[in-house]
Amino acid sequence: MIIGIVGLGLIGGSLGLDFRNRGHQVLGVSRQQITIKRALERGVVDEASCDLSLLSSAEVIFLCPPLRMILPTLQALLPHLNPGTIVTDVGSVKTAIAEAGDAIWPKFIGGHPMAGTAEQGIEAAQRGLFEGAAYVLTPTDHTNRQDLEILTQLIQGLGARLHTCSPPDHDQAVAWISHLPVMISASLIASTQQEADPKVLALAHQLASSGFRDTSRVGGGNPELGRMMAQFNGPALLHSLTLYRQELERVTELIALEQWDALQNWLAQTHGDRQKFL
Ligand code: NAP
């Protein structure tokens, strides 16, 4: 197929590498000329440009710019789309995008690959990023079943595990497993800075090891991505944060009241529940 990609960064670039590897023709559009040059050098795309008109022959287009740029990019693409072109996006929030996208272009289907790394940009693009990863599509009542089938085949061709669900269900689920962890992890890092004794804080810096590395990783990531999660998925994230705060209060109380058996039971429950996610 002829596949168009807008935004040749980590996700867009990785899609390009994998689609080309599977014999598709890939046309890429990005903002900066240097990105275009590197995308061609790295074999991410067959042809690339800063101009969206390059995508006029694409059969399926993946929108992969930052979240806030997805709908403006779809709007800007309109003059270059054929009536049959299927458009999807990779944004990590779906309610704000899927319904508006559907209204702009009837052959728009929201998507979200649950794969990534801490790196950004074209140099971070890598082969096989989606192999074995979950990939969510959020079709609506208006979605053409044949379009959904074409996208399904493409995504399964990447080795990804496809899931379909409604945009709100997607957003609440990712609030729990992706957006809430970022805010908790960032709060952990911020709370360490409340330590008043500089000697203790310096010692903590020295002693930090795998436990702190694991629990602080997602909170120490790209600030713009974290902002987008909160800005575009506010209600679902606030719901999760409210219930999280209740659990934090519960465990604080158990410790303050020295209810050690209850604390152990609570931890036994979390030990078991964790397995359901992994
Ligand atoms: P990224 O590495 O920063 O790539 C985004 C690329 O978009 C940049 O390289 C930039 O290209 C390009 N861009 C920026 N503004 C543009 C515009 N106005 N028009 C065209 N291209 C533009 O970010 P990413 O991690 O791949 O994330 C991209 C999307 O994937 C986001 O919507 C995010 O929600 C979603 N996502 C991210 C992850 C993750 O873990 N990172 C996982 C799943 C989904 P230039 O170099 O040309 O400026």
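Helices α3 and α4 are roughly parallel to each other, because angles under 35 degrees count as roughly parallel. The structure is a predicted model, in which local features need pLDDT of at least 70, side-chain atom pairs count only at pLDDT 80 or more, and totals for chains, interfaces and linings use all residues. Residues are numbered from 1 along each chain as its sequence is written, and side-chain values use heavy atoms, with hydrogens and water left out.

The axes of α3 (residues 70-77) and α4 (residues 95-104) come within 10 Å and cross at roughly 10 degrees. Axes are lines fitted to C-alpha atoms, for helices over the stretch in contact, and angles run from 0 to 180 degrees between N-to-C directions. Helices (H or I, at least four residues) and strands (E, at least two) are DSSP runs, numbered from the N terminus. Contact (heavy atoms within 4.5 Å) involves Ile-70, Leu-71, Leu-74 and Gln-75 of α3, together with Ala-96, Ile-97, Ala-100, Gly-101 and Ile-104 of α4.

Strands pair if DSSP finds at least two bridges between them. Strands β1 (residues 2-6) and β4 (residues 60-63) run parallel and are joined by four bridges; Ile-3 has Val-60 in β4 as its bridge partner.

Note on methods:
Parallel < 35°, antiparallel > 145°, perpendicular 65-115°, else oblique.
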